[in-house]
Amino acid sequence: AVVSTQSTGRIQECAGMSYWETLKHLRISSLQRRRERYIILHMWKMHHGRVNNTPYVHFYNAGRLGIRATIPSLTTGATGTHQSIFDESFAVMGPKLWNALPARLNKLKDFDIFKVELSRFLTNFPDEPPVRGYTRRNANSILNWLEDKGWSHDEAMAQLEQ
């Protein structure tokens, strides 16, 4: 169920709540969080050969960090516009989001269990998408939330495993 700010404003029980509070109250994710979840699910499917790996993402075992994905780089000399477009592409965002997962999660082999555990993992992060008229702490990506905490990957995973 995709819910916009316009739709949530019509729900009586949420009258007076901000969009962010409404999302939390209704236990639904923002469109942005749903997109990131979908990207991670697609990465899992690529890693396990369930879909074509057309962006040619390279997965490797990084020991205690679990299964990692190589983040490609754009050739030097690219314009800022091209770099921005490249950085937002699936080929870059997919591996970045995948690498934010704890090893216990990215090593799961059963897709249904992975989906449940991924949803549980994502609840560790506030879901405060950009909304006109509201000041936000960051761009709301799970990558931003990890960065805002100032945690290294290991510190983040230790905190989120608790």
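Buried here means under 20% relative accessible area and exposed means over 50%, with partly exposed in between, using a 1.4 Å probe and the protein chains only. The model is predicted, so local features need pLDDT of at least 70 and side-chain atom pairs count only at pLDDT 80 or more, while totals for chains, interfaces and linings use all residues. Residues are numbered from 1 along each chain as its sequence is written, and side-chain values use heavy atoms, with hydrogens and water left out.

Of the 162 residues, 36% are buried. Taking contacts (heavy atoms within 4.5 Å) with a separation of 6 or more, 57% are between residues 24 or more positions apart.

Now for the backbone. Most residues other than glycine have a negative phi. Tyr-56, not a glycine, has a positive phi of about 55 degrees. Tyr-56 sits in the loop between helix 3 (31-47) and strand 1 (59-61), and with 72% relative accessibility it counts as exposed. Asn-140 also turns up with a positive phi, near 80 degrees. The loop that holds Asn-140 runs between helix 7 (111-122) and helix 8 (142-149), but this residue is buried, at a relative accessible area of 0%.

Then there are the aromatics. Rings of Phe, Tyr and Trp (its six-membered ring) pair if their centres lie within 6.5 Å; planes under 30 degrees apart are stacked, over 60 edge-to-face, and the rest tilted. A search of the whole structure turns up five such pairs. In one of them, Trp-44 and Phe-111, the ring centres are 4.9 Å apart and the planes stand at 45 degrees, so the pair is tilted. It bridges distant parts of the chain, with Trp-44 in helix 3 and Phe-111 in helix 7, 67 residues apart. Trp-44 is buried at 0% relative accessibility, and Phe-111 is buried at 13%. Phe-121 and Phe-125 make an edge-to-face pair, 5.3 Å centre to centre with 75 degrees between the planes. Phe-121 is buried at 1% relative accessibility, as is Phe-125 at 8%. Finally, ring pairs tie Trp-44, Phe-59, Trp-98, Phe-111 and Phe-114 into a cluster.

Key. Helix = DSSP H or I, 4+ residues; strand = E, 2+ residues; numbered from the N terminus.
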